[in-house]
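Dear colleague,

Please find the structure below, with the sequence alongside. My notes on what was found in it follow.

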Amino acid sequence: MSKSFDDLISKVSECSVKKVAVAVAQDSAVLEAVQAAKERNIAEAILVGDADKIKEVAASINMSLDGFEIIDEKEDYTAALKAVELVHTGKADMYMKGLIDTKSFLKSVLDKEVGLRTGKTLSHVCVFEIEGIDHLLFLSDVAFLTYPSLEEKVHIVENTVAVCHACGIPNPKVAPLAAVEVVNPKMPVTVEAAELTKMCEEGKITGCIIDGPLSLDLAIDAEAAKHKHAEDRKIVGDADILLFPDIHAGNLVYKCLVHTAKVKNGNILTGTKAPVILTSRSDDFETKVNSIALGAVVAESMKGQQ
C-alpha cells in the first residue's frame with residue numbers, strides 16, 4: 001500500500017518503463033519535470049512541439065536532450081494531436097500538457113479520431129501526502145466537473161477508486177462530504193451522499209466502502225469522530241477518498257492545503273483511455289514529477305486490465 005509519494009515512486013520501479021507524450025513541450029517547468037522523471041526512472045518522454053524552441057528552452061535550463069525523442073511540429077494544436085495520437089496508438093502510456101491552453105489540450109483529449117475518450121465521465125483526481133495524516137488522501141473533483149449530478153458522482157467515485165487500487169489500496173474508504181453528517185432533505189448534497197452509501201451497500205458501486213454524508217472533520221480526524229460520538233460510522237477519521245459536492249468546495253480545500261499546509265501532491269485526469277497529466281502552470285516542480293509518477297502507476301494498472 002502506498003502511504004507516501006516515496007512509496008508511489010518505489011512502486012513505479014516495479015513497473016515496466018512508461019512513456020509520456022508531452023503536447024507543446026517548449027515549457028521550462030515541464031522539461032525540468034520530465035528530465036527529473038527520466039533521471040529517477042519514473043518515465044521516459046516524447047517531446048512534441050517546436051523543436052527549435054524545445055532546444056532553446058532546454059539550453060536555458062542546462063538540460064541535455066540526449067535520450068529524448070523530439071517530434072517537430074510548430075503549430076500548437078497540431079502538436080497536441082500528434083502527441084495524443086502517440087498515446088491513442090499505444091506508442092506512449094500517458095499524455096501530458098505542455099505550453100498549450102487547457103481548452104485546446106482537452107479538445108485534443110476528446111478528439112474523435114486520435115483522442116482518449118472512452119465514453120466515461122472525465123474527472124480530476126488529486127492525491128495528497130499531508131504531514132500529520134498517515135496515508136495518502138485522494139481528492140475529487142477539485143478542477144473539472146463543476147456541479148456533478150448523482151450519476152456523475154458515481155462515476156467520480158469509480159474513477160477515483162480505480163486510482164486507489166492502482167496505488168495498492170484495495171478497498172478505499174470514500175467520504176461524500178457535506179457541511180453536516182446527517183441527512184437533511186433541505187440539503188440535497190446530504191441526500192445524494194446517503195444515496196451513494198446505499199448504492200455501495202447494494203453492490204451497485206464496488207471496490208470501496210462509502211459512508212456519507214460526512215463532515216470533513218469526521219472524515220479525516222478520529223478525535224473529532226470521538227467527540228461527536230460517531231465511532232459507529234464506517235469511516236472514523238480514516239477516509240481515503242474525499243468526494244466533494246461541487247468544484248467550489250473541492251477547489252477551496254485543494255488551494256488551502258497547497259498554500260497553508262506541508263504537503264506533497266500529484267494529479268491526473270481520469271475516465272480516459274490512458275492517464276492524462278493536467279497540471280497548472282502554478283503547480284511546482286515536484287507536483288509535476290509526482291503527477292508523472294501517479295500516471296505511471298495508473299498506466300501500469302490499466303495495462304493489466306486490458
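How many cavities of 30 Å³ or more does the structure hold? The structure holds one. Before the details, please note that this is a predicted model, in which local features need pLDDT of at least 70 and side-chain atom pairs count only at pLDDT 80 or more, while totals for chains, interfaces and linings use all residues. Residues are numbered from 1 along each chain as its sequence is written, and side-chain values use heavy atoms, with hydrogens and water left out.

The cavity

A cavity is here a set of points, on a 1 Å grid over the protein atoms alone, where a 1.4 Å probe fits but cannot get out; lining residues have an atom within 4 Å of a point. Grid points are joined across faces, edges and corners, and the volume is the space filled by probe spheres set on the points. The largest cavity holds about 50 Å³ of space. Its lining consists of K153, P176, L177, V189, E192, A193, L196, L243, F244 and P245. Helix α7 (residues 188-201) gives the most to this lining, with four residues; helices (H or I, at least four residues) and strands (E, at least two) are DSSP runs, numbered from the N terminus. By residue class, the lining of the largest cavity divides into eight nonpolar, no polar and two charged residues. In this division Ala, Val, Leu, Ile, Met, Phe, Trp, Tyr, Cys and Pro count as nonpolar, Asp, Glu, Lys and Arg as charged, and the others, Gly among them, as polar.

Salt bridges

The structure holds 16 salt bridges, each defined as a side-chain nitrogen of Lys or Arg within 4 Å of a carboxyl oxygen of Asp or Glu. One of them joins the side chains of K18 and E300, at 2.4 Å from N to O. Because K18 lies in strand β1 (residues 18-23) and E300 in helix α11, this pair ties together parts that are 282 residues apart in sequence. K18 is buried, with a relative accessible area of 2%, whereas E300 counts as partly exposed at 22% relative accessibility. The terms are set as follows: buried means under 20% relative accessible area, exposed over 50%, and partly exposed in between (1.4 Å probe, protein chains only).

A salt bridge is also formed by K173 with D238, whose closest N and O atoms are 2.7 Å apart. This pair links distant parts of the chain, with K173 in strand β7 (residues 173-176) and D238 in the loop between α9 (222-227) and β9 (241-243), 65 residues apart. D238 counts as partly exposed, at 30% relative accessibility.

K234 and E201 form a salt bridge as well, with 2.6 Å between the closest N and O atoms. Here the loop between α9 and β9, which holds K234, is linked to helix α7, which holds E201; the two residues are 33 apart. K234 counts as partly exposed at 36% relative accessibility, and E201 as exposed at 53%. Finally, salt bridges that share partners join D50, D52, D72 and K74 into one network.

Aromatic pairs

There are two aromatic pairs in the structure. Rings of Phe, Tyr and Trp (its six-membered ring) pair if their centres lie within 6.5 Å; planes under 30 degrees apart count as stacked, over 60 as edge-to-face and the rest as tilted. The ring centres of Y95 and F105 are 4.6 Å apart and their planes lie at 20°, so the pair is stacked. Y95 belongs to strand β4 (residues 94-97) and F105 to helix α5 (residues 102-109), ten residues apart. Both residues, Y95 and F105, are buried.

Surroundings of S291

S291 is found in helix α11 (residues 285-305) and is buried, with a relative accessible area of 0%. Neighbours within four places in sequence aside, S291 is in contact (heavy atoms within 4.5 Å) with G266, N267, I268, I277 and T279.

Backbone features

Two cis peptide bonds may be of interest to you: the one from S140 to D141, with omega near -5°, and the one from G212 to P213, with omega near 5°. D141 is in the loop between β6 (137-140) and α6 (150-166), and P213 in the loop between β8 (209-210) and α8 (216-220).

V24, although not a glycine, has a positive phi of about 60°; V24 is buried, with a relative accessible area of 1%.

With kind regards

Note on methods. 1 Å grid on protein atoms, 1.4 Å probe; cavity = no way out; pocket = protein on both sides within 12 Å on 5 of 7 lines; lining within 4 Å.
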